[in-house]
Number of protein chains: 2
Amino acid sequence: MRAEALKGHLDGLLLASLEAGPLHGYAVIEVLRDGSSGHFDLPTGTVYPALRRLEGAGLVQSGWSVVSGRRRRTYELTPAGRRALNDQRTLWDEFSGAVSALLRRGAEAAT
Amino acid sequence: MRAEALKGHLDGLLLASLEAGPLHGYAVIEVLRDGSSGHFDLPTGTVYPALRRLEGAGLVQSGWSVVSGRRRRTYELTPAGRRALNDQRTLWDEFSGAVSALLRRGAEAAT
DNA sequence: ATGAATATGTAGCAATGCTACGTATCGATT
DNA sequence: AATCGATACGTAGCATTGCTACATATTCAT
């Protein structure tokens, strides 16, 4: 997967991964990897800062817990986050539809 | 359309717009706008530098012409550009498939 | 005891598209 | 003739974003 391909679409994926219930960062990475047949194997340096960014934007909220001696920061969607996820889905459909159409047709000669 | 959405996908669209035959920059903008139902109305500050970038990468080549008093820099795909366009199409299918799957399913809870 | 897996985090970088300019010609309107 | 919109090219600087590389710590299997 090209490195830059994800730009601008990561937030939607993160929100989607939290839709079914709260997760901690490491688990988000696994969900994204497994749910994409290995296409998205994101480094922690990508995911952790992004989750904090979403928290800053009020789309998720986090809390600490400790599970078998390991501390976890668990993230959860806020109502605004659910709305944003909806928006992202709509935006993605428009965007991907437009790109697919353009890539497919090549384009008829103009002038 | 979100501003960052396009990041990493513009090159493929530009190459696709040139597939049917040579075009100048302004015409590329029109093809992208009309071929996407207005979703992609790209500013010249996006398209012109990107075309030069593609030329630097050897994927397109350009030449000047003058049409009714206006100078035009016309771009054309190179063989490498056609190969790159093919690659972009494959990459896009993988990428968009993975994103669509993740956005759709939300994701089953993982401990 | 050693290393892999689990778990979190940051500093700094590279890439990319956009904003806001600037220049110039042509055709239509006033 | 003057003005304005469309056509046509371009650049400097910015903001955002994801990645690389690193640092830390615990648990579990070898």
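Helices (H or I, at least four residues) and strands (E, at least two) are DSSP runs, numbered from the N terminus. This is a predicted model, in which local features need pLDDT of at least 70 and side-chain atom pairs count only at pLDDT 80 or more, while totals for chains, interfaces and linings use all residues. Residues are numbered from 1 along each chain as its sequence is written, and chains are lettered from A and ligands numbered from 1 in the order in which they are written.

We can begin with the two protein chains. Chain B can be laid on chain A with an RMSD of 0.0 Å by a turn of 180° and a shift of 0.0 Å along the axis, the copies being superposed by least squares on the C-alpha atoms of residues with pLDDT of at least 70 in both. That is the relation of a two-fold axis. Of the residues of chain B, Lys7(B) comes closest to this rotation axis, with its C-alpha at 2.9 Å.

One place to look at next is a pair of helices from the two chains. The axes (lines fitted to C-alpha atoms, for helices over the stretch in contact, with angles running from 0 to 180 degrees between N-to-C directions) of helix α4 (residues 79-105) of chain A and helix α1 (residues 10-17) of chain B come within 8 Å and cross at roughly 35°. Here Val99(A), Leu102(A) and Leu103(A) of α4(A) meet Gly12(B), Leu13(B) and Ala16(B) of α1(B), where contact requires C-beta atoms, placed from the backbone, to lie within 7 Å.

Chain B also holds an open sheet of 3 strands in the order β1-β3-β2, with antiparallel pairing; two strands pair if DSSP finds at least two bridges between them. Because β1 (23-24) and β2 (60-67) of chain B stand at the edges with a single partner strand each, one side of each is left without a neighbour in the sheet. Within this sheet, 2 bridges join β1(B) to β3(B), and His24(B) stands opposite Thr74(B) in β3(B).

His24(B) leads on to the DNA. Of the 31 residues around DNA strand D, His24(B) and Tyr26(B) come nearest together with Gly45(A), Thr46(A) and Gly69(A), a residue being near a strand if its C-beta atom, placed from the backbone, lies within 6 Å of it. At least two residues of the surface near DNA strand D are supplied by each of α3 of chain A and α2 (25-35), α3 and β3 (70-77) of chain B. For DNA strand C, the largest share of the nearby surface, 5 residues, comes from α3(B).

Notes: Two residues are in contact if their C-beta atoms, placed from the backbone, lie within 7 Å.
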